[in-house]
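Please look over the model below before reading the briefing that follows.

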Amino acid sequence: LNNRAAEMATGEVLVLLNNDTTVYDSNWLRTMVAYAIRPDVGAVGAKLLYPDLSVQHGGVVLGIRGVAAHVNHMLRYDDDGYQAVGDCTREVAAVTGACLAMRAAVYREIGCLQESLPIAFNDIDLCCAALAHGYRNVCVGSPLIIHHESKSRGYDITPERQQRTVRDASQARARYPELYRDDPYYNPN
């Protein structure tokens with residue numbers, strides 16, 4: 001769906017935004033686009049909050065639990081986290097597609113979302129492709145969106161959905177094994 005929408009879009013910046021989100025900061029779009037239009041930037045994401053205002057996403061670290069994990073997950077929205085990274089806008093390996101901005105030209109250049117990954121890891125794969133093409137991915141440190149995670153499609157708790165997630169994770173790792181072995185934005189210590 002996103003690839004078809006991107007083909008038809010005429011704007012300079014594409015925004016992927018889940019239908020289970022609520023605006024937390026009215027300047028969210030302006031903030032994300034300010035980073036997305038930079039010529040060296042690939043994907044831009046933001047700190048996303050759960051409805052209880054704990055952190056759902058603050059960027060993604062590759063290689064955690066063999067695949068990837070969200071940074072500062074479950075911290076209070078106003079908790080700075082380790083070394084105050086919780087509130088810093090910074091480069092990261094990846095951001096979630098629940099709220100992602102990218103210049104349309106970059107989206108097309110790096111190959112769009114992988115349709116072989118229709119549900120999970122297509123956003124991470126897109127970010128890895130951006131890194132492979134020499135772009136930087138950025139996560140905005142201030143909370144912009146509340147994400148009612150999986151409210152519209154449900155959780156992956158059935159055996160079939162869990163098997164698909166494992167299969168998709170394996171495919172994503174196989175495309176960029178070096179990034180999953182050594183996330184360039186995360187200290188292995």
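Which residues line the largest cavity? The lining is formed by Lys47, Val55, Gly58, Asn72, Val85, Gly86, Arg90, Cys139, Val140 and Gly141. This is a predicted model, in which local features need pLDDT of at least 70 and side-chain atom pairs count only at pLDDT 80 or more, while totals for chains, interfaces and linings use all residues. Residues are numbered from 1 along each chain as its sequence is written, and side-chain values use heavy atoms, with hydrogens and water left out.

**Overall form**

- The protein has 6 helices and 9 strands, taken as DSSP runs numbered from the N terminus (H or I of at least four residues for helices, E of at least two for strands).
- Buried residues make up 44% of the 189 residues, where buried means under 20% relative accessible area, exposed over 50% and partly exposed in between, with a 1.4 Å probe and protein chains only.

**Cavity and pocket**

- The count comes to 1 cavity of 30 Å³ or more, a cavity being a set of points on a 1 Å grid over the protein atoms alone where a 1.4 Å probe fits but cannot get out, with lining residues having an atom within 4 Å of a point.
- The largest cavity has a volume of about 40 Å³, a volume being the space filled by probe spheres set on grid points that are joined across faces, edges and corners.
- Strand 9 gives the most to the lining of the largest cavity, with 3 residues, and that lining divides into 4 nonpolar, 4 polar and 2 charged residues (Ala, Val, Leu, Ile, Met, Phe, Trp, Tyr, Cys and Pro count as nonpolar, Asp, Glu, Lys and Arg as charged, and the others, Gly among them, as polar).
- The second largest pocket has a volume of about 380 Å³, and of the 19 residues that line this pocket, the closest to its centre are Val61, Val71, Val85, Tyr185 and Tyr186; a pocket is an open set with protein on both sides within 12 Å along at least five of seven lines.
- Strand 7 (90-92) gives the most to the lining of the second largest pocket, with 3 residues, and by class that lining has 11 nonpolar, 5 polar and 3 charged residues.

**Helices**

- In helix 2 (residues 28-36), Trp28, Met32 and Ala36 are buried; seen down the axis, the buried residues of helix 2 fall within an arc of 55 degrees, so they line one face of the helix, the arc being that of the directions from the helix axis to the C-beta atoms.
- Helix 4 (residues 122-132) is mostly covered, with 10 of its 11 residues buried, and just after helix 4 glycine 134 takes a positive phi of about 90 degrees.

- Glutamate 12, in the loop between helix 1 (2-8) and strand 1, counts as exposed at 56% relative accessibility, and, not counting residues up to four places away in sequence, glutamate 12 touches Ile37, Met102, Arg103 and Ala104 (contact means heavy atoms within 4.5 Å).
- Aspartate 168, in helix 5 (residues 159-175), is buried, with a relative accessible area of 3%, and, leaving aside neighbours within four places in sequence, aspartate 168 is in contact with Ser116, Leu117, Pro118, Ala120 and Phe121.
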